[in-house]
Amino acid sequence: MIALLAAAAVASTPLQSFRYERSLRSAGSGPVVLVPDGPLYAHTQQDFSDLRVVDSRGEQVPWRQSPDTVPTSERSVEILDSGRRGGAAVARIDLGPNHDVIDHVTLDVPDAQFVGGATVSGSDDRLTWTRLSTTQIYAVGGAAPARSTTALVPPTDFRYLEVRATHVSRIAAASVAAAPDVQQLARVPARVRVGAALVVVDLGYPNVPVDELRISSSTPRYDRPFTIRAGSATVAAGSLVRLGRARPTIVPLSTRGRYLRIAIRNGDDPPLAGLSVEVRARARPLLVEGGRGGPLTVYYGGRVRAPDYDYARLPRSALALPRAKPGVLGPERRNATYRVVDTRSFVERHRSLVTIALAVAAAALIATTGLALRR
């Protein structure tokens with residue numbers, strides 16, 4: 001009975017429970033791809049559990065996380081010649097004769113804390129090597145520890161990879177994977193204020209996800225330590241390095257917020273010239289069920305239970321993904337009917353009455369037992 005009441009409460013969540021609303025337009029009758037933007041990230045839960053989509057008749061339209069937002073599983077690979085060379089940990093990786101295209105390598109590093117870089121080169125014959133990329137790797141402590149041992153590379157089909165990691169003891173193991181096209185990182189709009197030793201990145205809205213920074217400078221040669229903070233937490237650390245031609249320092253992240261603060265230790269050198277920061281993140285689209293007539297309206301920003309739709313459990317083959325069309329969100333506006341709606345159960349809302357009822361029932365039971373014993 002409790003489960004049925006809970007399900008009914010989810011299905012009948014009143015629209016007055018949501019602070020914000022936006023129109024959602026799409027061409028065609030297939031599923032609608034809803035790509036969150038700054039206002040949506042700022043005013044919803046991270047899992048979008050407080051989001052509802054309603055059609056022109058006022059009926060809920062089921063939605064789910066897009067199946068392409070789930071990263072492909074990584075696979076372990078064979079490590080060859082793991083050791084040290086020139087003060088760095090090195091290892092070679094054999095992807096096998098029938099390998100797929102990959103775009104990142106995740107290293108198993110036993111060290112608890114470190115700040116270094118991972119340079120990846122590729123080869124098909126282990127004689128001629130092509131340098132592919134250098135990525136910051138780190139494990140920094142604090143109240144909220146941050147760790148990243150993933151080396152990003154341009155999509156490559158080299159059979160052999162050589163990884164050189166600085167400031168770590170060794171590379172114990174590795175795995176590789178390639179993200180689907182929808183997972184490729186896209187540029188995130190941001191305002192960047194550059195100071196002598198502090199760069200402030202303003203993403204415009206709170207809770208905006210960030211998966212990567214690309215930092216570069218026009219100074220011909222440099223090696224500067226840096227740390228990145230989001231709020232009071234250190235979320236990344238490394239070194240900005242340029243020894244030859246200009247190329248950005250790639251910093252993997254996994255954070256959300258509005259402001260990122262990059263502190264650069266210049267030492268006795270002048271500040272870096274022409275400093276630029278590019279913010280990137282993967283898309284986190286939602287898939288809204290198609291076949292509903294009229295314009296759709298998205299409601300969000302309420303204290304409500306997460307929805308439970310059959311649509312979220314359908315297999316990929318039943319989602320009509322080839323017919324999916326991108327949706328266009330209208331401007332955010334306040335929901336004129338919004339009011340605070342208490343969605344708690346009767347027991348949660350009337351604890352004192354329940355306590356009194358239990359006390360009365362206990363007293364009645366004691367009195368009845370006493371009378372029975374006397375008789």
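## The second largest pocket

In this predicted model, strand E9 gives the most to the lining of the second largest pocket, with five residues. At least two lining residues are supplied by each of E9, strand E10 (130-140) and strand E20 (233-242).

The volume of the second largest pocket is about 520 Å³, and its lining consists of 21 residues, with Thr 119, Arg 131, Thr 134, Val 241 and Leu 243 lying nearest the centre. By residue class, the lining of this pocket divides into ten polar, six charged and five nonpolar residues.

## Ser 121 in strand E9

Strand E9, which spans residues 114-123, also holds Ser 121. Ser 121 counts as buried because its relative accessible area is 13%, below the 20% limit used for that class.

When residues up to four places away in sequence are not counted, Ser 121 touches Trp 129, Thr 130, Arg 131, Leu 132, Tyr 160, Leu 161 and Glu 162. One of these, Arg 131, is also among the residues that lie nearest the centre of the second largest pocket.

## Ser 175 in strand E14

Ser 175 is located in strand E14, residues 173-177, and with a relative accessible area of 12% it is buried. Leaving aside neighbours within four places in sequence, the residues in contact with Ser 175 are Glu 74, Arg 75, Ser 76, Val 77, His 104, Val 105 and Thr 106.

Two of these contacts can be described further. The side chains of Ser 175 and Glu 74 make a polar contact at 2.6 Å, while the C-alpha atoms of Ser 175 and Val 105, which are 70 residues apart along the chain, are separated by 5.8 Å.

Methods
Residues are numbered from 1 along each chain as its sequence is written. This is a predicted model: local features need pLDDT of at least 70, side-chain atom pairs count only at pLDDT 80 or more; totals for chains, interfaces and linings use all residues. Side-chain values use heavy atoms; hydrogens and water are left out. Helices (H or I, at least four residues) and strands (E, at least two) are DSSP runs, numbered from the N terminus. Buried means under 20% relative accessible area, exposed over 50%, partly exposed in between (1.4 Å probe, protein chains only). Contact means heavy atoms within 4.5 Å. A polar contact is a pair of N or O atoms within 3.5 Å; within protein, one must be able to donate a hydrogen and the other to accept it, and residues adjacent in sequence count only if both atoms are side-chain atoms. On a 1 Å grid over the protein atoms alone, a cavity is a set of points where a 1.4 Å probe fits but cannot get out, and a pocket is an open set with protein on both sides within 12 Å along at least five of seven lines; lining residues have an atom within 4 Å of a point. Grid points are joined across faces, edges and corners, and a volume is the space filled by probe spheres set on the points. Ala, Val, Leu, Ile, Met, Phe, Trp, Tyr, Cys and Pro count as nonpolar, Asp, Glu, Lys and Arg as charged, and the others, Gly among them, as polar.
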